[in-house]
Amino acid sequence: MTTTTVATTTTNRAVGTSHTRVEGREKVTGTARYAGDIPYAELAHGWLVLSTVARGRVRAVRTGPVLEMPGVLAVLHHGNAPHVDGSYTTILGSKPYPTAVVFQDDRVPHMGWPVALVVAETSEQAREAAEALQVDYVDYDAEPHEVEFDPRTSDDYVGGARDLDGETSKGDLEAELGASAVVVDEEYTTPEEHHNPMEPHAAMARWEGGRLEVVDSNQGSMWIAGELAKLFSLDPAAVRVRSEHIGGAFGCKGVRTHQVAAVMAATVLQRPVRVVLTRRQMFSIVGYRSPTAQRIRLGADADGRLRALEHRSLSVTSTVHEFVEGASAPARVMYDADAHYTVNQVMQRDVPTPTFMRAPGEAPGSFALEAAFDELAERAGIDPIALRARNDPKTGPVSGMPFSTRKLMACFEEGARRFGWADRDPRPGQRRDGRWLLGTGTAAASFPSGSAPSTAAVTAEPDGTFTVRITASDVGTGARTALTLVAADVLDVPSDRVRVRIGDSDFGQAFISGGSMGTRSWSWAVETAARDLREQLALGGVVPPEGITARSDTADAIGALAARERHTFGAQFAEVAVDVGTGEVRVRRMLGIFAAGRIVNPLTARNQLVGGMAWGISMALHEEAARDPAFGGLIGADFAGYHIAAHADIPNIEADWVDDTDPDDPVGIKGVGEVGIVGAAAAVANAVWHATGVRHRNLPIRPDRVLTAGTGAPRA
Ligand code: MOS
């Protein structure tokens, strides 16, 4: 099968032009059904019971009274639940997420750990009984929990989960710092943050004709099916997972308690069972972004050339899983130095397990690195963009590999022009608008651009339409629409003659929606199959009733891709107004210019970038989960207590891109899901400094922090 041909004779009518989502009408009219919406005959409802202690053991689950309650069918817990095997390695190379391996023993590793599932005829009955269920715990007083993330403790270790090379080192850091004309040595912190997509996690499980069928909200139906097969020791062919519409994911929609508990209950009761998480449950079951404490040391010559770059990051993980927030990742790609050192460390606490959250590593890491760069620019008396130009490497600072393309400075040039950067007075605290101090800031963005093997099938139907089948996952990004456009162009037909079916593990192996790799990986498979089909059709003949199908597998083609540093890049610009009387910070405008390869659908790509930037504002100013050391849980685990940016917080954000063609790459798509949040918080923080003259190195930049810090700038 041909998998590496680039050239086609198509006119690329669809790719590169804006298209609304193909399922947009269904979504806005409410006919699109999510995993929790679909009715089934005989459906029973499961409601999870979470631990009310942060560390200990379950002594007893008092099921008797609850089983007498109306409609209650079963109570599953560690004493009676089916066995699952959690000893496998996931496609991400780690152990399964801990809340997937539930009801297996009496240990409670953190507040909000799932200890039981109550199943009843209705959701209301299940909830009533779950709230009445009494669970007794032991060891709680004997072994006090420890949940505080305290960077000054020394029991951290170098992580190996996400970053196989948890530490990188070259040159003599201390010597280069000592020889530097300008030095920055500062600590930056980011708090615990939660994804909490709008649609809660939900899964229905049932046995149909000897097969396990699960309807779910996830980032990859093959991924979920594969893990469920392993957990329950089933033939993979006996498991089918579907996920048609997904109301957001951001990294937390993998295998979690709800699918596993639903399968257990469906197996025990031999009827369909659905488990839907509540908003509050999501705060402890599905994962979140660890808090980070980061130390950056930069040393430069007087002209800004870096002699030393050190980025140390410390994050937290649970006692039952090693997840490392790889916040030093941007330093490994963005800037080189004679002495270069990065490390990601992690400490264990009695807290829920963190996980991937939009731009894992890069989002908090770019805040520290790009804020430190702004400080270096200030101390060296160099424009922040000029400083980045002076330190723009030709090869990967750690990998040594050439960049496929690195259009970072093109992004800064275009962004500076459109934002009006040239008119900026570099001195802080110079601009005022009534009670507001005004400032502008900038920061760089980058995110890896990878692709992973996927398979696809494209069928020519007798009526002249085409059907694409691929186990892609559209978490709300517009991936289904992007694949429609990609297929239409290769087939050389209008996009309304192509239907794309996704989210069904029966369609075969494909990569997940993650790592900004989904649309890139799937498009490669779809293009390959569509090109093959088109060649078959060119031979002429009649399409039979069952259609003509071409299939692809991109494993070999991806393996043949030249070794390069492949990344998206971007330049973020923000203007803020700071009221030092109230401590309020308002972002007035924001501009992001990105280099992100071939843009398939400008409408949804811009939507992804703007969404990431909006989240960056939220990260800079609002988001912070407060964990109480005494009881070990979150204060306000809901959308009232966990503050996210609302419409009024978000100004007119513009996102655009520069041309970024990689001549070696047959697909050319780089992915836009995550780069938009990278550097966004730093741009806001740098603008707050420019407005006030005070550096804020701890996120979020809350009103009380601004008030306490006041203004370091001389008053006009
Ligand atoms: Mo995304 S955090 O790569 O699922």
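A residue counts as buried when its relative accessible area is under 20%. Keep that cut-off in mind as you explore this predicted model.

**Stop 1: a serine in a helix.** Select Ser618, which sits in helix H15 (residues 602-621). Is Ser618 buried or exposed? Its relative accessible area is 3%, so Ser618 is buried. Now show the side chains: that of Ser618 makes a polar contact with the side chain of Glu623, at 2.7 Å. Leaving aside residues up to four places away in sequence, Ser618 touches Glu623, Ile644 and Ala645.

**Stop 2: an enclosed helix.** Next, select helix H5 (residues 221-231). This helix is largely enclosed by the rest of the structure, because eight of its eleven residues are buried. Among them are Trp223, Ile224 and Leu228. Just after H5, look for Ser233, which has a positive phi of about 50 degrees.

**Stop 3: the sheet.** Strands S11 and S12 bring you to an open sheet of seven strands, ordered S3-S5-S1-S13-S10-S11-S12 with mixed pairing. Its edge strands, S3 (72-77) and S12, each pair on one side only. Zoom in on S1 (residues 44-50) and S5 (residues 114-120): they run antiparallel and are joined by six bridges. Val49 has Ala116 in S5 as its bridge partner.

**Stop 4: helices on the sheet.** Select helix H3 (residues 123-132), which packs on the sheet and touches S1, S3 and S5. Finish with H6, which lies across several strands, including S10 (202-208) and S13 (273-276), and runs at about 30 degrees to S10.

Methods: Residues are numbered from 1 along each chain as its sequence is written. This is a predicted model: local features need pLDDT of at least 70, side-chain atom pairs count only at pLDDT 80 or more; totals for chains, interfaces and linings use all residues. Side-chain values use heavy atoms; hydrogens and water are left out. Helices (H or I, at least four residues) and strands (E, at least two) are DSSP runs, numbered from the N terminus. Buried means under 20% relative accessible area, exposed over 50%, partly exposed in between (1.4 Å probe, protein chains only). A polar contact is a pair of N or O atoms within 3.5 Å; within protein, one must be able to donate a hydrogen and the other to accept it, and residues adjacent in sequence count only if both atoms are side-chain atoms. Contact means heavy atoms within 4.5 Å. Two strands pair if DSSP finds at least two bridges between them. Axes are lines fitted to C-alpha atoms, for helices over the stretch in contact, and angles run from 0 to 180 degrees between N-to-C directions.
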